[in-house]
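Hi,

Here is the structure I promised to pass on to you.

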Amino acid sequence: MNQELNGSIFKEKGIRAFIKREDLIFPEIQGNKWRKLKYNLAFARENGFEQVLSFGGAYSNHIVALAAAGKKYGLETIGFIRGEEHLELNPSLKKAMQNGMYLKYISREAYRSYTQNNKWDAVREEYPNAYIIPEGGTNSLAIKGCTEILEPDEKSEFDYFTCPVGTGGTVAGLIASLEGKKSVLGFPALKGNFLQGDISSILKKEDANYTNFDLIGEYHFGGYARYSEELISFINDFYGTYNIPLDPIYTGKMMYGLMDMIRNNYFPEGSSILAIHTGGLQGIAGFNKRHGTQLREE
Ligand SMILES: *Cc1c(COP(=O)(O)O)cnc(C)c1O
């Protein structure tokens, strides 16, 4: 479902902007995490795996989505969680556990060794029947899932497509599906310049060497899961104006950046923009608890 943003700023600048509500696909397996898991879980089932195993931090959207999707597909799920167990469990891990995921806590060093170059020999030895998905869910089947985000009529209707960026898998899927046409703007949730290279190498691997994308690096608010009061107010105001919930890690930063760019005349008059709401709303409750922020919880 695409929802038009009808604030006066859009009229004033002569542009149109819509939000694609990927957060509404499944409440528990939101947005891009569902797109990324879809073909992976199908593959696991078709190839006789009984378990699916992946990695994540204690608030990971990917972990929560995997637990819910595993339950839906009748696959056992195992989550390797970075750091120590904290009781009571935070809302994200509680949800994962309620959906039947087995949580295994591992040290930060071990986590790094498993996730940095996807070195899974030790994990495979321990769980020989598990299908393993990388941290954040990004692999080739995930990119395939993300090429299905845009419908054919959306690809022709809009000039710009915007998307938050973590590992870059989702934005790579969007870029691949557009086959070199139009412009894609990625909004990194992380600090650093490595993502341009990461995305290019994902695209290269998928035989989709397109360059019609830009990463807008000015709206990470200090880095992953960092925030400011201004961001929190923006998210709350945005909900008040458009009735669309945003999360503080990904979609809130993208929309903050997009609105700022619109104000600063980045987009020529007559442009139309489709912003992808990638979900992530499950993380709000944990974020509020951790930081004492007052974001509306889903
Ligand atoms: C994980 C996530 C992203 C980042 O997706 P990548 O494919 O890792 O770039 C963006 N938005 C939300 C809501 C997410 O949960």
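First, some ground rules. This is a predicted model, so local features need pLDDT of at least 70, side-chain atom pairs count only at pLDDT 80 or more, and totals for chains, interfaces and linings use all residues. Residues are numbered from 1 along each chain as its sequence is written, and side-chain values use heavy atoms, with hydrogens and water left out.

The ligand

How many residues surround the ligand? There are 15, and the closest are Lys33, Lys36, Thr167, Thr170 and Thr278. By class, the shell has 3 nonpolar, 10 polar and 2 charged residues. In that scheme Ala, Val, Leu, Ile, Met, Phe, Trp, Tyr, Cys and Pro are nonpolar, Asp, Glu, Lys and Arg are charged, and the others, Gly among them, are polar.

Helix H2 (31-46), strand S7 (160-165) and helix H9 (169-178) each give the shell at least two residues, and H2 has the largest share, with 3 residues. Helices (H or I, at least four residues) and strands (E, at least two) are DSSP runs, numbered from the N terminus. Domain 1 (2-27 + 140-282) and domain 2 (31-137) each contribute at least three residues to the shell; the domain bounds come from an automatic or database domain assignment.

Several polar contacts (pairs of N or O atoms within 3.5 Å; within protein, one must be able to donate a hydrogen and the other to accept it, and residues adjacent in sequence count only if both atoms are side-chain atoms) are worth looking up on screen. An N or O atom in the side chain of Thr170 is 2.6 Å from an oxygen atom of the ligand. For Asn61, a polar side-chain atom lies 2.7 Å from a ligand oxygen. Gly169 takes part through a polar backbone atom, 3.4 Å from an oxygen atom of the ligand. Taken alone the ligand exposes 390 Å², and the protein buries 98% of that. Accessible areas come from the Shrake-Rupley method with a 1.4 Å probe, and for residues only the protein chains shown count as cover.

Salt bridges

A salt bridge here is a side-chain nitrogen of Lys or Arg within 4 Å of a carboxyl oxygen of Asp or Glu, and the count comes to 8. In one of them, Arg21 pairs with Asp23, with the closest N and O atoms 2.8 Å apart. Both Arg21 and Asp23 are buried, where buried means under 20% relative accessible area, exposed over 50%, and partly exposed in between (1.4 Å probe, protein chains only).

Glu88 and Lys94 also form a salt bridge, again with the closest N and O atoms 2.8 Å apart. Glu88 counts as exposed because its relative accessibility is 59%, while Lys94, at 31%, is partly exposed. Glu88 is found in the loop between strand S4 (76-82) and helix H4 (91-98), and a cis peptide bond joins Leu87 to Glu88, with omega about 0°.

The side chains of Asp260 and Arg263 meet in a salt bridge too, at 3.2 Å from N to O. These two are 3 residues apart in helix H12 (residues 251-263), so about one helical turn separates them.

Other residues to look at

Most residues other than glycine have a negative phi, and most peptide bonds are trans. Glu179, in the loop between H9 and S8, has a positive phi near 50°. Asp207 has a positive phi near 60°; its place is in the loop between H10 and strand S9 (213-215), and it is exposed at 74% relative accessible area.

Asn139 sits in the loop between strand S6 (130-132) and helix H7 (140-146) and is buried, with a relative accessible area of 18%. Its side chain reaches two backbone nitrogens: that of Ala142 at 2.9 Å and that of Leu141 at 3.3 Å.

Finally, Gly70 lies in helix H3 (residues 61-73) and counts as buried because its relative accessibility is 0%.

Best wishes

Notes:
Near = heavy atom within 4 Å.
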